[in-house]
Amino acid sequence: MKDTYKTLFEPYTLPNGVELKNRIIMAPMTNYSSDDEGFVTEEELAYYRERSAGTGTVITAVAYITPGGKGFPGEISAHSDEMIPSLRKLAATIKGEGAKAILQIFHAGRMAPPELLPDGQPVSASAVKANRPGLVEPRELTEEEIETIIQEFGDATRRAIEAGFDGVEIHGANTYLIQQFFSPHSNCRTDKWGGTTIPRRAAFPLAVIDRVNAAAEEHARDPFIIGYRLSPEEIEEPGITMEDTLQLVDTLAKQKLDYLHVSVQDFWGGSIRDKEDERSRVVLIQERVGDKLPVIGVGSIHTPDDAVKALETGVPLVALGRELIMEPKWVQKVQVGEEDTIRTTLRPDNQEELVVPDNLWSRILSVKGWFPVEEGE
Ligand SMILES: Cc1cc2nc3c(=O)[nH]c(=O)nc-3n(C[C@H](O)[C@H](O)[C@H](O)COP(=O)(O)O)c2cc1C
């Protein structure tokens with residue numbers, strides 16, 4: 001291995017004392033391959049088995065905590081105790097390759113496609129439709145329903161513990177329910193779950209964090225990792241601004257969390273609200289958090305040089321998403337000095353070799369510009 005890459009392979013100890021064997025994490029990626037009831041399938045397990053040996057930690061595709069919060073076809077479910085054996089297979093597959101296994105959990109809120117929901121009716125903080133095609137106006141949640149959803153985050157955490165996961169990542173990013181409560185676009189409530197100030201709009205995310213912690217304290221025998229993922233900005237007007245996020249980050253840094261995961265497409269990318277502000281959102285958050293909470297940086301970290309450069313900003317951990325789909329052995333190749341052979345494009349005939357489930361593969365090929373796909377034979 002090249003000397004310059006050694007920093008990628010230094011172990012890292014999280015605030016709860018759990019040691020990660022290196023600095024590279026598999027980013028959470030939905031693969032559309034669980035069955036209709038949310039049970040993990042063999043092809044999904046094969047996909048994780050192929051990718052878990054190199055990285056120190058694998059964050060799974062997002063799992064829904066309640067049927068009313070399902071966001072994708074073929075999504076993993078953590079919504080009932082019946083799912084625990086399925087979750088156990090997933091955790092065992094990842095851990096069997098030597099990585100820590102973290103289950104990402106969420107409620108899709110107003111982003112849920114109606115046809116996936118038991119009653120066809122998405123819910124959210126307020127009855128404000130997202131500006132995306134194919135979605136419908138959500139129904140505003142009652143206070144009682146909000147309490148239930150918070151409890152369901154706790155219940156899903158207990159299931160993750162019983163299934164043998166090392167931790168959960170609370171998905172507070174990518175416009176889903178937790179973010180919807182923090183956003184002035186989707187949260188117009190005037191009760192204790194909303195309002196014009198940051199602390200009021202942070203009430204729901206903080207309640208979820210508290211309940212997840214309570215579940216871990218009650219049920220986990222070993223230290224349990226609890227991470228939080230956020231998106232720094234929203235394009236909407238009104239929408240989450242960087243200043244809002246930096247205030248939220250100050251609050252998150254005081255919570256019992258093991259890391260903060262900044263969800264962006266490009267680690268070095270600037271503001272999506274102000275094109276003139278080109279400062280990296282991840283770096284701004286890292287500077288704000290300092291050493292109060294470990295930050296995971298992600299987004300277009302294609303090469304080991306990119307990963308080293310990201311760590312040099314002070315971020316202790318980096319996550320790889322598309323890179324690990326295109327090159328399941330990314331980490332091992334760096335380890336043995338074969339980084340020049342890391343695959344950075346796909347051909348339509350690579351699916352079998354890369355062990356990618358059918359549904360994920362057809363999405364990859366059908367969404368233009370998502371992955372660099374070469375013309376196939
Ligand atoms: C196929 C695919 C599925 C994704 N699903 C999720 C998801 O379930 N949860 C999540 O937080 N982010 C999800 N993401 C975003 C990634 O975690 C990551 O932030 C993004 O791809 C940028 O990193 P990359 O440039 O290394 O791919 C997904 C990305 C891809 C490519």
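**Ground rules.** I am working with a predicted model, where local features need pLDDT of at least 70 and side-chain atom pairs count only at pLDDT 80 or more, while totals for chains, interfaces and linings use all residues. Residues are numbered from 1 along each chain as its sequence is written, and side-chain values use heavy atoms, with hydrogens and water left out.

**Thr 57.** I found Thr 57 in strand E4, residues 57–64. Helices (H or I, at least four residues) and strands (E, at least two) are DSSP runs, numbered from the N terminus. Is Thr 57 buried or exposed? Thr 57 counts as buried because its relative accessibility is 1%; buried means under 20% relative accessible area, exposed over 50%, and partly exposed in between, with a 1.4 Å probe and protein chains only. Beyond its neighbours within four places in sequence, I noted contacts of Thr 57 with Leu 20, Ile 24, Ile 25, Met 26, Ala 99, Lys 100 and Ile 102 (contact: heavy atoms within 4.5 Å).

**Helix H9.** I looked for buried residues in H9 (304–312) and listed Pro 304, Ala 307, Val 308, Ala 310 and Leu 311. They sit on the same side of H9, because they cover an arc of only 160° around the axis; the arc is that of the directions from the helix axis to the C-beta atoms. What do the buried residues of H9 pack against? I found strand E13 (317–320) and helix H11 (330–335). After H9 comes Gly 314, with a positive phi near 110°.

**Backbone angles.** Most residues other than glycine have a negative phi, and most peptide bonds are trans. Tyr 32 is in the loop between strand E3 (24–26) and helix H1 (42–51), and is buried at 10% relative accessible area. Asn 174 also has a positive phi, near 55°; Asn 174 lies in the loop between strand E9 (167–172) and helix H4 (177–182) and is partly exposed at 29%. I also marked the cis peptide bond between Glu 237 and Pro 238, with omega about -5°.
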